[in-house]
Each structure stands twice: as structure tokens, then as C-alpha cells.
Amino acid sequence: MQREIARDGTMISNFAPTRRQILRQLGMTGATLMSGSALADSLVDLPLAGGPRQRSITTAFPQKRPMILQRTRPPLLETPFEAFDDAVLTPNDLFYVRWHWADIPTEIDSDGFRLKVRGHVGRAQSLTLKEIVNELPRVELTAVNQCSGNSRGHFEPRVAGGEWSNGAMGNARWTGVRLKDVLDRAGVKPGAIQVRFNGLDGPVVPEAPDFMKSLDIDHARDGEVMIAYAMNGEQLPLLNGFPLRLVVPGWYATYWVKMLNDIEVLTAPDTNYWTATAYRIPDTPGANIAPGETEVNLVPISRMVPRSFTTNLADGARVPAGTPTLVRGIAFGGDTGVGQVHVSTDAGATWKPAALGSDHGKYSFRQWDTRITLSYAGEHLLMVRCTNSNGVAQPVTPNWNPPGFMRNVVECTKLVAVL
Ligand SMILES: Nc1nc2c(c(=O)[nH]1)N[C@H]1C(S)=C(S)[C@@H](COP(=O)(O)O)O[C@H]1N2
Ligand SMILES: [Mo]
């Protein structure tokens with residue numbers, strides 16, 4: 001088992017649980033999703049566009065430590081940002097949560113659970129968790145799961161939708177099987193076009209469209225897309241998709257279908273609302289348009305773009321003037337690895353490379369650090385910019401689009417240097 005030291009001095013294991021351990025863990029999971037009352041334990045100020053807004057911290061959800069509460073039904077819980085400074089892997093009990101519909105099973109019997117594989121296949125399957133764990137090759141991958149609308153609350157002008165700050169993302173080590181191996185077992189027939197994924201959750205009213213997403217057949221069979229049964233060496237928390245979820249490395253989390261129990265191979269492009277209509281972005285660089293601009297071509301959201309954050313100094317932090325200050329954070333390349341991370345303390349006139357931490361694979365967060373010296377007392381802006389290994393760099397001006405997707409502007413932290 002590989003281990004590394006986290007910043008708080010504890011050990012992080014690069015968990016390699018045995019099949020027996022995994023099967024023991026995948027016992028019935030049950031939970032009460034929310035108590036309905038007394039959700040707010042305390043308040044947190046978030047510096048969102050249009051002025052800071054107070055949001056509550058909740059401890060009312062199962063398998064979760066205190067989380068920032070966006071919405072109760074369906075649960076939308078944001079990861080407190082400090083978690084990203086503590087370790088390169090986001091702990092399961094701090095991992096953000098997002099659901100579209102409130103009808104989410106509160107108890108799942110793992111013996112009775114089946115994953116169906118059907119549609120345009122030669123041998124339709126109804127797989128038990130034991131079969132998935134024991135009979136298919138196991139794969140592991142560290143990858144960032146980020147909501148398309150992460151950081152939406154910072155859009156200016158403001159847009160409709162969940163007002164996330166920067167905590168609708170997380171990085172985990174995923175264990176599971178290749179989607180390709182599952183599809184091969186079912187024997188996909190020639191003429192397949194897309195593969196549709198559905199989970200156990202559903203809408204509260206029957207007329208509303210069940211949440212489903214589809215991938216093109218070649219993407220589904222690329223050998224990278226996974227069906228995960230463990231996250232950071234443990235079974236998935238119920239709210240993150242117990243017992244199985246899709247992992248689509250490098251792509252926005254909307255495709256990472258949770259509580260996955262149904263895979264359907266299609267012979268025509270999926271026309272369901274969530275694939276054909278929702279989650280569309282302007283077909284422009286960075287999905288960027290001017291507010292009010294119309295007549296733009298829309299395409300499905302897909303690959304992530306690079307981002308980076310300072311994690312050890314919050315906005316308004318006081319640092320000593322004239323002496324070096326340690327600055328550190330995380331970066332990710334989006335659909336590929338981190339190439340370089342640079343910081344600037346002079347409004348972007350000059351950029352200095354940061355040192356990169358250990359490489360957990362191209363889809364993972366990568367830690368970075370450097371030292372800055374602020375020569376005079378007063379306010380300074382610290383900027384951090386990731387360039388991914390394809391040479392794509394974060395923009396210095398924010399993108400804008402009506403759904404508030406794909407924000408990846410260079411982040412600025414205001415520092416106050418004191419003598
Ligand atoms: N079954 C199901 N899977 C789903 C969703 C959903 O509503 N239902 N939401 C998707 C979206 S938009 C996001 S951002 C991620 C959130 O994953 P998490 O809750 O594990 O962080 O789940 C995705 N998978
Ligand atoms: Mo999302």
C-alpha cells in the first residue's frame with residue numbers, strides 16, 4: 001500500500017483494498033437523508049458575485065461532516081474550501097453532493113442490487129455486486145469530479161442556478177471496473193451509437209424527466225470510463241452514489257451517473273431531456289459569450305478546462321511584508337494533466353513558476369507551492385494560473401454563459417502585507 005504524508009501530518013493511504021474487504025464493505029447501506037428540521041448549525045459568509053451571502057453549515061446528512069448547505073431537497077452540499085488545503089484527495093465525508101431530483105433511496109440492499117445492461121447487446125446482463133467485484137478486472141484511477149456549475153455564484157452578471165462557490169469539486173481515488181469490460185460481457189452489437197446511464201433516483205412527480213446521461217459508444221468503450229464501487233478505498237457514501245457510479249475522467253460530473261443500475265445501448269442518439277436538451281453550452285472558446293448575446297450554437301458540455309486555486313491563504317489574509325511567504329494550492333488540467341502552475345503578485349505583469357507536488361495521474365489534483373515576497377505594506381493581489389499539458393492556460397478574464405458553466409478564470413486572492 002502506497003502512503004504519503006498529508007499536510008496535517010496524517011497518512012493518506014493509496015488504498016488497495018482486497019476483493020474480500022470490498023465485498024465486506026459493500027453491505028447494506030442505509031441512511032436517513034435529512035432530518036427536515038434544524039439543518040442550520042452555523043453560518044458561513046461566501047464572497048459571491050453581488051456581495052457576500054450567508055449560507056448555513058449543516059451536519060444533518062449521513063456520512064458527511066459539516067458541509068455548506070445549498071439546498072435540502074434534493075441535497076446540494078458544498079465542500080468547505082479548507083479541505084482542499086489538507087490533502088490532495090478529498091475525504092469522502094467532505095465530498096460535495098449534487099442531485100437533480102429528491103426521490104433518492106435511503107436504503108440499498110446490496111445483495112438484492114442488480115446492474116442491468118440491455119438494449120443493443122447480444123447477452124443482456126443483470127449483474128450482482130459480487131459478480132462485478134469478483135469476475136471483472138479491477139482498475140483504479142485518481143480523478144477530479146467537478147460540477148459543470150462549480151463557482152457559478154461568482155458569475156457576473158449573476159445567473160440562475162445553484163450558487164456554488166468553489167467547492168462543487170473533489171478529487172478521489174476511484175476503484176472499480178472498466179465500462180468497456182461490462183459492455184464486452186454484454187456483447188455490444190454492430191450499429192450501437194450511444195450508451196445511456198440511469199440510476200436509482202427519480203423525480204418526485206411522474207411527468208418530470210428521470211435523470212439519465214449518455215455517452216457516444218466510442219467514448220463508453222475507451223477503456224478509461226469506469227464503473228466505481230469504491231472511493232478513497234471505502235464504499236461510496238450513499239449521497240455520492242452507493243453502490244456504483246460512473247466515472248468519466250476529464251469530463252464534467254454531470255456524466256458521472258450515481259447509484260447506477262441501468263445501462264442501455266442505443267442505436268440512435270439519445271433524445272432524453274438531460275442528454276439532448278440540458279447541459280448545453282455555447283460552442284465558443286471557453287463556452288464564453290457576452291451577456292445578452294443570442295443566436296449562438298449550443299453543444300453538449302464535455303471536457304473540463306484547467307483550474308488552479310490558492311488554498312492556504314484566504315482572501316484578505318495578512319502576511320508579513322519584505323519576507324518570503326509560503327503559498328500553496330491545487331491545480332488540475334481538466335481533460336489532461338497539469339503542465340505548469342504560475343503565480344503573479346503584480347496584476348499579471350510577471351509570472352513565476354511554482355513547484356509541483358507528486359503526480360497522481362493526469363486527471364488528479366496536483367498540489368503546488370512557492371514563496372512570494374511582497375515588498376511593501378498594503379494590499380496585493382495574488383494570482384495563480386494553470387497551464388495544462390496540452391498548453392491550454394486559464395484565462396485572465398472570466399467567461400460568461402447563461403447556465404453559469406465552466407468557470408475557470410485565473411483566481412485572485414487579496415493579501416494584506418504588514419510590516
Ligand atoms: N443518478 C444521478 N447521478 C448524478 C446526478 C443525479 O442527479 N442523479 N447528478 C450529476 C451531477 S450534475 C453532478 S455535479 C454529480 C455530483 O456528484 P457527487 O454528488 O458525487 O459530488 O453527480 C452527477 N450524477
Ligand atoms: Mo453538476
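Student: By class, how many nonpolar, polar and charged residues does the shell around ligand 1 have?

Tutor: Happy to start there! Keep in mind that this is a predicted model. The shell around ligand 1 has 11 nonpolar residues, along with 4 polar and 4 charged ones.

Student: Which residues are the closest to ligand 1?

Tutor: Of the 19 residues that surround ligand 1, the closest are Tyr96, His100, Asp201, Arg245 and Lys258.

Student: How much of the accessible area of ligand 1 does the protein cover?

Tutor: On its own, ligand 1 has 530 Å² of accessible area, and the protein covers 100% of that. The space that ligand 1 takes is the largest cavity.

Student: Now for the cysteines. How many disulfides does a search of the whole structure find?

Tutor: First the general idea: a disulfide is a covalent bond joining the sulfur atoms of two cysteines. Here, the search of the whole structure finds 0 disulfides. Take Cys412, which is in no disulfide: the nearest cysteine sulfur belongs to Cys386 and is 15 Å away.

Student: Why does Cys147 count as buried, and why does Cys412 count as partly exposed?

Tutor: Cys147 counts as buried because its relative accessibility is 8%, and buried means under 20%. Cys412 counts as partly exposed because its relative accessibility is 39%.

Conventions: Residues are numbered from 1 along each chain as its sequence is written. Chains are lettered from A and ligands numbered from 1 in the order in which they are written. This is a predicted model: local features need pLDDT of at least 70, side-chain atom pairs count only at pLDDT 80 or more; totals for chains, interfaces and linings use all residues. Side-chain values use heavy atoms; hydrogens and water are left out. A disulfide is a pair of cysteine sulfur atoms within 2.5 Å. Buried means under 20% relative accessible area, exposed over 50%, partly exposed in between (1.4 Å probe, protein chains only). A residue is near a molecule or strand if one of its heavy atoms lies within 4 Å of it. Accessible areas come from the Shrake-Rupley method with a 1.4 Å probe; for residues, only the protein chains shown count as cover. On a 1 Å grid over the protein atoms alone, a cavity is a set of points where a 1.4 Å probe fits but cannot get out, and a pocket is an open set with protein on both sides within 12 Å along at least five of seven lines; lining residues have an atom within 4 Å of a point. A molecule sits in a cavity or pocket if more than half of its atoms lie within 2 Å of its grid points. Ala, Val, Leu, Ile, Met, Phe, Trp, Tyr, Cys and Pro count as nonpolar, Asp, Glu, Lys and Arg as charged, and the others, Gly among them, as polar.
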